[in-house]
Amino acid sequence: AATTFEQGNYFFETPNVLNLIEDYLRNLSQNLSPTTTDLETLWLNSEAVLKAIELQHGLLVERARDIYSFSHLTFQEYLTARKIVATPAKQLTLELERLGTRIYDKNWREVIALTVSMLPKANFLLQRMKMILDDSVQQDPDLINCLEQIETKVKGLKLAYQPAAIRAYYFTLFLYRDLNLAIALDVKFGSQQTLSKELALDSALARIYGDATKLQENPDAKKYLHFCFGLDLEQKFSLAPDFAQAFKTLKADLPSLEPSRTETPLSIADWWIEKGQDWLTKFWQMLIQYRGIGQYWRVSSDKIHLWYQYYQGNLFLVECLHSDCAVDPEVRQSLEANLMTVPH
């Protein structure tokens, strides 16, 4: 299982399976007896073992003529994890180091999770996974800047939430609006009714920015009407006077929904084509100045993809931490407290 999984082979031909069984039987016979079994006998025994596994245990299935796979991928993953955990103590650290580097490989996620749950103490593997996440940050100056800006924002809020959960909340505010990591770290993020007004306001502003970006790219009168309804924040939130005035001035620059009788204004679509980008830039600058958000909102799609992988890696680490695993309380606390931060 481990050999084929490491090779990325989920389907394997009969000769390959027999060779693996033969190698195992050869090692076994040498350990039990000084006399090495001849190759023909080993090959015949390998065929017998393969048929026994297929017919009696159901672990392997012949999918097509001379093409085998495990009857379920979970068996291959589970046995791979078992093999890692059974590694002799002298080599185990190296095995766990290698396994931790695979945190970004989705194909290995289940093996990692199973290994975490099987280890007598999962401290080292979990810390190794965090180290790989931190290395990703160190290699990306833009990501460092993003996390530093979020940290500055979080420190200024002084809310009754886990700081790591707030960082996760703001990290996905403009990217994917994914609350899974924030909720995993602090269940209060699971209810909009209990969400802080400060957080809810920034979420509404991020949504407005996203809708305006879509309008600028593809102007549409019906979408613009919906967009205008979403701008009515004064009815939902208590805005700081300086921000309220800046927001009011910015809204006044938008095209009116009612045509003017004295002049011929641009159509809504033409306005967004000609002036939409300038309006978006002013809105973006206003969010930075008055709300301390948005500094990192204009990055390339390739960068967003890499940051999404980083976010998913953090989420997976938390899922492992919250699984049925043996980890020291101080290690768990340290890992969670330092999620989504610039390593020092």
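Modeller: Helices here are DSSP runs of H or I with at least four residues, strands are DSSP runs of E with at least two, and both are numbered from the N terminus. This is a predicted model, in which local features need pLDDT of at least 70 and side-chain atom pairs count only at pLDDT 80 or more, while totals for chains, interfaces and linings use all residues. Residues are numbered from 1 along each chain as its sequence is written, and side-chain values use heavy atoms, with hydrogens and water left out.

Biologist: Thanks. How many cavities of 30 Å³ or more are there?

Modeller: The count comes to one cavity of 30 Å³ or more. On a 1 Å grid over the protein atoms alone, a cavity is a set of points where a 1.4 Å probe fits but cannot get out, whereas a pocket is an open set with protein on both sides within 12 Å along at least five of seven lines, and lining residues have an atom within 4 Å of a point. Grid points are joined across faces, edges and corners, and a volume is the space filled by probe spheres set on the points.

Biologist: Okay, and which residues line the largest cavity?

Modeller: The largest cavity, with about 40 Å³ of space, is lined by Glu6, Ile84, Glu95, Arg98, Leu99, Arg102 and Trp108. Helix H5, which covers residues 89-100, gives the most to that lining, with three residues.

Biologist: Switching to pockets, what volume does the largest pocket have?

Modeller: The largest pocket has a volume of about 570 Å³. Its lining is made of 19 residues, and Ala1, Leu20, Ile21, Tyr24 and Ile53 are those that lie nearest the centre of the pocket.

Biologist: New topic: what order do the strands of the open sheet have?

Modeller: The open sheet has three strands in the order S1-S3-S2, with antiparallel pairing, where two strands count as paired if DSSP finds at least two bridges between them. Strand S1 (12-13) and strand S2 (60-64) are the edge strands, and each pairs on one side only.

Biologist: How many bridges join S2 to S3?

Modeller: Four bridges join S2 to strand S3, residues 67-70, and the two strands run antiparallel. Glutamate 62 has tyrosine 68 in S3 as its bridge partner, and leucine 60 stands opposite phenylalanine 70 in S3. The hairpin of S2 and S3 has two residues between the strands, and in this hairpin aspartate 66 takes a positive phi near 65°.

Biologist: Where else is there a positive phi? Say, what about lysine 158?

Modeller: Lysine 158 has a positive phi of about 55° although it is not a glycine, and this residue is found in the loop between helix H8 (141-157) and H9. Methionine 340, in the segment after H16, also is a residue other than glycine with a positive phi, near 55°.

Biologist: Which residues does asparagine 314 touch?

Modeller: Asparagine 314, placed in helix H15, touches Leu133, Leu181, Leu339 and Met340, not counting residues up to four places away in sequence; contact means heavy atoms within 4.5 Å. At 1% relative accessibility, asparagine 314 counts as buried.

Biologist: Last one: which residues of helix H16 are buried?

Modeller: In helix H16, residues 329-337, the buried residues are Val331, Leu335 and Glu336, while Pro329, Glu330 and Gln333 are exposed on the other side of H16. The buried residues of H16 pack against helix H7 (123-138), helix H9 (163-171), helix H10 (180-185) and helix H15 (301-321).

Key. Buried < 20%, exposed > 50% of the residue type's maximum accessible area, 1.4 Å probe, protein only.
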